[in-house]
Amino acid sequence: MKISKDHPRYLSLVIRERMAAMVEEGIVSPTGLIAHGRGEAFDYLLGERTTPEADAAEKAAAALLLGAKRPVITVNGNAAALAARELAELARATGALVEVNLFHRSEERLSKVCDLVERESGIKVLGRDQDAVLEGIASDRARCTSKGLLAADVVLIPLEDGDRAEAMAKAGKKVISIDLNPLSRTTLAAEVAVVDELTRAVPNITRWAVELKGDAGGIADALSSYENEENLDAVMRRMCQGLKGSTADRSER
Ligand code: PTJ
């Protein structure tokens, strides 16, 4: 479908088309579209931009990844479709491994998502050969690799439901979430909860990682000055303000 660049919701429409095409290709699960729509609704309340709270969380996320011994970025169908290249750039900037891990798992889909991320990003991903299981997760998403998620001390989890984030936090791993829902179980399980849209959040975390790399004092400051609960409260206040916005503001979107 041809979308006019003049359309006020051009970017959102282009991304929707890509997500729909990715369902056809078997990368995004059909319910991934529902998850995407839920994300869009929250993003609307934030004015579809990176807020100062998100920026602060993104800086803390970069610091946590840089300070980790075995950081891992986990990628599902939605994350691969939206930001495979950007997630790989973040992995390069922080030394994190990338592991594909799916809720709606099939061998075929797993291999398709791994292929897409490797093709788009030029990095090698973990996840094709899942040789370990994370405790406390009822779904197939418990399956992981011993070199990657099982051994990780810090895990970046973009947009997913919360069972795995909770299990990882219970296992003593530090969780960084990227989820536009400030009330989701993933967000609430996270030590650093980034409430921002994935395609904006990831390049900004990378930018912070590049800035902080090699600066032990800067990394320590970024972590000690960051208050996750306060930050989340501020995000929720901002969303409430978003709901109260003027009619003029709304008609612009
Ligand atoms: O590819 P699979 O099989 O592993 O399945 C992936 C999905 C996303 C379908 C699965 O993990 C799922 O059902 O997730 P949920 O429970 O719908 O949670 C997704 C969360 O991500 C919701 O809280 C959304 O608000 C949020 N979200 C959706 N799109 C974005 C987002 N957050 C940030 N950026 C987005 N683009």
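Analyst: This is a predicted model, and the part to look at is Arg 109, which lies in helix α5, the helix formed by residues 107-121. Arg 109 is buried and yet has no salt bridge, since the nearest side chain of opposite charge, that of Glu 108, is 9.2 Å away; a salt bridge would need a side-chain nitrogen of the arginine within 4 Å of a carboxyl oxygen. What the side chain of Arg 109 does reach is the backbone oxygen of His 104, at 2.8 Å. Setting aside neighbours within four places in sequence, Arg 109 is in contact with Gly 26, Ile 27, Val 28, Ser 29, Gly 77, Leu 102 and His 104.

One of these contacts, Gly 26, leads to another helix, for Gly 26 follows α1 and has a positive phi, near 85°. Helix α1 itself runs over residues 10-24, and its 15 residues reach 21 Å from the first C-alpha to the last, close to the 21 Å expected at 1.5 Å a residue. The buried residues of α1 are Ser 12, Met 19 and Met 22, and because they fall within an arc of 85° when seen down the helix axis, they line one face of α1. In general, an α-helix has 3.6 residues a turn, so residues three or four places apart point the same way. The cover over the buried residues of α1 includes α2 (30-45), α4 (77-94) and α5, and α5 is the helix in which Arg 109 is found.

Terms used: Residues numbered from 1 in each chain as written. Predicted model: local features only at pLDDT ≥ 70, side-chain atom pairs only at ≥ 80, totals over all residues. Heavy atoms only, no water. Helix = DSSP H or I, 4+ residues; strand = E, 2+ residues; numbered from the N terminus. Buried < 20%, exposed > 50% of the residue type's maximum accessible area, 1.4 Å probe, protein only. Lys, Arg positive; Asp, Glu negative; His and termini not counted. Polar contact = N/O pair within 3.5 Å; in protein donor to acceptor, adjacent residues only side chain to side chain. Contact = heavy atoms within 4.5 Å. Expected span 1.5 Å × (residues − 1). Arc of directions from axis to C-beta.
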